[in-house]
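These are my notebook entries on one chain. I set down what I looked up, entry by entry.

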Amino acid sequence: MFLIKLKNNKTFTCDKDSTIFEAAKKSNIILEHSCLSSRCRSCVVKVLSGKTINKEEELVLTEEDKNENFVLSCNAKPLSNIELDIEDLGEITLFEKKIIPSKISVIEKLNDDILKIVLRLPPNSNFNFNSGQYVNIIKGNLTRSYSIANCSDHKNQLEFYIKKYTNGLMSEYFFKEAKINDLLRLEGPVGTFFLRGSSFKNIIFLATGTGIAPIKSILEGLDKSHEQYQNKNFWVIVGARYQEDLFWNPNFKNLNIKYIPVLSRPENDWNGAKGYVQDIVLNQQIDLESTQVYACGSNDMINSAKELFFKNNLKENNFFSDAFVQTN
């Protein structure tokens, strides 16, 4: 057994056959995570001392990451005692994951590539989650992960944005076969992409594509408990290729939000921001030392944003992300 030590001096033990994340969870210590399958960067952590070995090959970390001793806690197994540059989630309540039935209530086409799907839960389902988390939607032998797009005060209605993928088995179902009252199962909640308490005055949300779903969920929750956030500045910066790819607009009563849609391939009649969301953040001249960033969408955007912001004084433990990865 090896001793694993966190930055806040919490410790737990891990055998040579378990991953760091698995061993932490057995000790009731929850670390940042999302997919738990070595396909995103949510559980990335820097090893300050000690050695690890990967459980399986992963293609997420760059050579620079590896040279700087970053590993994925869901994939790294210890070869010695280890000290990690990370803290656990502390007192945040994580609700127990369970499987519940649901039926389709709404199928709404938002554009050629995005559907809004609303699933209704049984009245006695008692399904709880933190705004920003996701669930696995199960149809027969198919299981796919989708972020919940409405807040945790959901009244047994869960909203999702479904993107069309070429040869995507679940998206093919939703776009071509799904009918009102179809029965599906949900497994969740999953993930640690949710708002963290802080004294920082600035909160930036970055999204590409359907990555706006968990951010919308978080913002809806903030809008209902706005008193404690009246002195904070919010930016919501959403990236797309073309104007027709933008399918969401903020509509909040109590939040002071600066919303910036950004197009990477704008037409000539587009008068808004152009380029990439991470570059637009720097154009706002926000003091990143007093900022939290929540980024959701493509791995490329998340990796680029993280590298850019850290070079511009964002503290490493103030960047939270959830990468959307395609599964066929």
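**Entry 1**

I began with Gln285, which counts as exposed because its relative accessibility is 73%; the classes are buried at under 20% relative accessible area, exposed at over 50% and partly exposed in between, with a 1.4 Å probe and protein chains only. Gln285 is not a glycine, yet I read a positive phi of about 55° for it. I placed Gln285 in the loop between α5 (277-283) and β18 (291-297). Helices here are DSSP runs of H or I with at least four residues, strands are runs of E with at least two, and both are numbered from the N terminus.

I then turned to Asn167, also a residue other than glycine with a positive phi, near 65°. Asn167 sits in the loop between β12 and α3, and it is exposed at a relative accessible area of 58%.

For the peptide bonds, I noted that the one from Gly188 to Pro189 is cis, with omega near 5°. Pro189 belongs to strand β13.

**Entry 1: basis and confidence**

I record that this is a predicted model, in which local features need pLDDT of at least 70 and side-chain atom pairs count only at pLDDT 80 or more, while totals for chains, interfaces and linings use all residues. Residues are numbered from 1 along each chain as its sequence is written, and side-chain values use heavy atoms, with hydrogens and water left out.

I looked up the confidence next, pLDDT being the predictor's confidence in each residue on a scale from 0 to 100. The mean for the chain is 92, and 98% of its residues reach 70 or more. Among the elements, I found the lowest mean pLDDT in α2 (87) and the highest in β9 (98).

**Entry 2: two buried loop residues**

I found Ser131 in the loop between β9 (114-120) and β10 (134-139). Ser131 is buried, its relative accessible area being 13%. A polar atom of the Ser131 side chain lies 3.0 Å from the backbone nitrogen of Ser152. I count a polar contact as a pair of N or O atoms within 3.5 Å; within protein, one must be able to donate a hydrogen and the other to accept it, and residues adjacent in sequence count only if both atoms are side-chain atoms. Leaving aside residues up to four places away in sequence, Ser131 touches Cys151, Ser152, Phe193, Phe194, Ser217 and Ile218, where contact means heavy atoms within 4.5 Å.

Arg196 lies in the loop between β13 and β14 (202-208). With 11% relative accessibility, Arg196 counts as buried. I noted that the side chain of Arg196 reaches the backbone oxygen of Phe194 at 2.9 Å. Not counting residues up to four places away in sequence, Arg196 touches Glu32, Leu89, Ile92, Gln292, Tyr294 and Phe320.

**Entry 3: two partly exposed loop residues**

I located Lys97 in the loop between β7 (82-84) and β8 (98-111), partly exposed at a relative accessible area of 46%. Beyond four places in sequence, Lys97 touches Glu187, Gly188, Pro189 and Val190; this list includes both residues of the cis peptide bond.

Glu68 is in the loop between α2 and β5 (70-72) and is partly exposed, with a relative accessible area of 35%.

I searched a 1 Å grid over the protein atoms alone: a pocket is an open set of points where a 1.4 Å probe fits, with protein on both sides within 12 Å along at least five of seven lines, and lining residues have an atom within 4 Å of a point. Grid points are joined across faces, edges and corners, and a volume is the space filled by probe spheres set on the points.

The largest pocket has a volume of about 1200 Å³. Of its 38 lining residues, Lys306, Phe310, Glu316, Asn317 and Phe319 lie nearest the centre. α6 gives the largest share of this lining, six residues.

The second largest pocket has a volume of about 960 Å³. Its lining comprises 42 residues, with Ser34, Tyr134, Asn136, Ser145 and Val190 nearest the centre. β11 supplies the largest share, five residues.
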